[in-house]
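Hi,

Here is the structure we talked about. Please have it open while you read the notes below.

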Amino acid sequence: MSPAAASNLDYTPPDGGWGWAVVFASFISIGFSYAFPKSLTIFFKEIQEYFSVSYSDIAWISSVMLASMYAGGPISSILVNRYGSRPVVMAGGLMVCAGMVLASFGTSIIHLYLCVGVIGGVGLAFNLQPALTIISTYFQAKRPLANGLAMTGSPVLLSTLAPLNQFLFDSFGWRGSFLILGSIVLNCCVAGALMRPVNKLVKPKPDIELSKRNGEEVEGIGKQPDAHLSVDKENSCQRCLYRFIDFSLFKHRGFLIYLVGNVAMFFGFFAPVVFLAPYAKDLGIDEYSAAFLLSIFALVDMFIRPATGLIGNTKWVRPRIQYFFSFAVLYNGVCHLLCPLATGYTGLVVYSVFFGSAFGMLSALLFEVLMDLVGAPRFSTAVGLVTIIECGPVLLGPPLSGALVDIFGDYKYMYYACGVMMLVPGIYFFIMHYYNYKKLEEEHRKSADVEKRTSDEAVTLNANQDDQPVNE
Amino acid sequence: MALSMIYSPLLLLLVSCSRRVVSKTTGPTPAPLVPTSTLPTYVKSVVLKGESHTERLELLNPVNLTLECTWAGNQNKEPNITGWWLKDGNDVPNSRVPVELQNEQYNLRGVFSVNNDTTLGNYSCVFANEARIDFLLEAPQIGDVREKPIVSYIGDSTVITCKMDDTKPMPITWNWFRDNGTEKEQIIAESSRFEIKNDERKTRLVVHDLTEEDSGLYYCGAVFAISTPMSHVKLKVITIMEPLKPFLAILVEVVVLVAAILLYEKTQSKKKATAENVPSADQNNTVTQEEPNGPEGSPSTRQRKV
């Protein structure tokens, strides 16, 4: 029960070594999870012609895939808690492959919804969660950097998959492309093979400074003896619950702050990306230049994510990383509010650069701060709960913004709305985390006092015992 | 094609940038050979500034077209020069006429009966080989041409589409043609394998039960009274073997990599075991099998330490 357990892990994470291979594996898994659904949109026009359906019917494929990916989160968490990351990622890779191969023989649009949407989406969920979880088991001191690097997978793979998909489509049509994409996505199994379970036999280093530096919650200390006792008490019901979903997370202060803020924020998170090119075209910019804006956005995003990880790792930022995250959310909001001021192509290029950096900063920190709040052991469950609850705003955000554009006939109101949807959570995060940090410091001081008292008592007890035999 | 310098009572329209044609008849006149007197008339006048100019004219129906060219002349300002007409670069017979300088301008006028494909083209009025105005007469062109081929598979069906721009006039109907080596052969919709669905601005050709012979160029023609402008789409039919080859190649690569990684891990752990000289086989097994994260895990590790 030493304070070293404040790191919530009863072993020392390697913070390197095989960990970097795991970061690379997570890079691939996370990359496929986020980039794959977006890159499939290239095939939609042709599939729409083939099945003679409307564009909104086709767009449903993306929505079903995204919804399945987010809804599959809790299932993924349960499986990771039970079996570890490796089998789940490999199973996920196989699922997406099977889904794509089946879809390539599809005869109706419903067939595609099921194969690409449901099976593919759940398979990607089985990639995303374990990839994030395993980073938390391998890294502690260098975790923000590892997270930043792993999240870079998304823009990098999107930049690779987009032209690749175009090439496949020109050479093989949509059926052949789906078949080949099925095999490409099987590389997630390679990523899974790299996700070796971490060696937990290394003794923990007693390092109070380490835990203080990380600013991690001290509740974990309280939890460990409880867990120990619960086993002795044979509280099988509680054990059952903990095995599957840790609903006690809903009483966790940090988790609740994160959840509420994120749900609000996600309404305005993805819509600006979706509408960047249409907005540019609306301003009279030609199609290729509009597409180039997205490339600029992706390029800036790609470099900002590891940079954010590096900054998050510095000794000034790491203890107060929640503020860094709040700043990133605010920055996004300000960016969107200022967007309507951008006139002409140069203005939009400047906006794309700033937006790219804002988006990348936020994405790199998104899961790092959750790890920071709930700690590594409960991260898997936490992220499962977060994704399924975020499913709503993620799916509703772009259509609602689209409705705003349709009602007002002008994109600027949508940007104002998105800006506000990010500014308010940003301010909310700043305030709530200030409060949370204060509370954590209080709890830490209290438990440190308790520790000191018990150790003093133990010393005096020992001294008395030593005295007694001498007396006798 | 007849050229006649007929001074008929006509309205002079000012030069405009619009390409819309004002047609005096409402219904289509599909018959190609119509007596000149029953054709509607249209006049296009262009004043030349500079040495040459090109004017595009979009025609839907057969017309009696009067083209008027006006040139301000050069420094010499000769009182009489020769003017003539060209069609697609070739001299129009009997078109050479003397042109007088009137009000500091030279005027040349030609009347042409434009009623089918051969009569459409490039008409030019030439002033003494010094100035020239080109009139490009054509039916509305199909804009959206797809350069890359449509790829489909044997036994599958495919949909080929052609679309007329929203800014252009609507065709009467659409026809589809297939290259037959020497000429274009029209595709008849009644045959079982082909289906044509026309939708005013858009046409779709559905081909069922594809075979390799179905590969090639397909032409869609937008039918107007005056002509049928065409656009082409290339269809490529391939077997399932084509994408299967890269699929299997990548599959092999994945299997090889996964096996290599897992083997490497096995040899690493074996080396560790022999180096430490500890019966660590059980520990290794438990490490590689389970990764309990919840509180359930911690008690067991505590027990091991104890």
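These notes cover a helix in chain A, one tyrosine and a sheet in chain B.

Keep in mind that this is a predicted model.

Start with helix α9 of chain A, residues 187-194. Eight of its eight residues are buried, so the helix is largely enclosed by the rest of the structure. Buried here means under 20% relative accessible area. The buried residues run from A:Asn187 through A:Cys188, A:Cys189, A:Val190, A:Ala191, A:Gly192 and A:Ala193 to A:Leu194. What do they pack against? In chain A, the partners are α1 (18-39), α5 (85-104), α6 (109-138) and α8 (153-185).

Next, A:Tyr55. This residue sits in helix α3 of chain A, residues 55-71. Setting aside neighbours within four places in sequence, A:Tyr55 contacts A:Phe44 and A:Gln48. A:Phe44 is 11 residues away along the chain, and the two C-alpha atoms are 8.0 Å apart.

Now chain B. Look for an open sheet of three strands, in the order β11-β15-β14, with antiparallel pairing. The edge strands are β11 (158-163) and β14 (194-199), and each pairs on one side only. On average, neighbouring strands are turned by 15° against each other, direction ignored.

How many bridges join β14 to β15 in chain B? There are six, and the two strands run antiparallel. Strand β15 covers residues 202-207. One bridge to find on screen: B:Lys197 is partnered by B:Arg204 of β15 in chain B.

Best wishes

Terms used. Residues are numbered from 1 along each chain as its sequence is written. Chains are lettered from A and ligands numbered from 1 in the order in which they are written. This is a predicted model: local features need pLDDT of at least 70, side-chain atom pairs count only at pLDDT 80 or more; totals for chains, interfaces and linings use all residues. Side-chain values use heavy atoms; hydrogens and water are left out. Buried means under 20% relative accessible area, exposed over 50%, partly exposed in between (1.4 Å probe, protein chains only). Helices (H or I, at least four residues) and strands (E, at least two) are DSSP runs, numbered from the N terminus. Contact means heavy atoms within 4.5 Å. Two strands pair if DSSP finds at least two bridges between them. Axes are lines fitted to C-alpha atoms, for helices over the stretch in contact, and angles run from 0 to 180 degrees between N-to-C directions.
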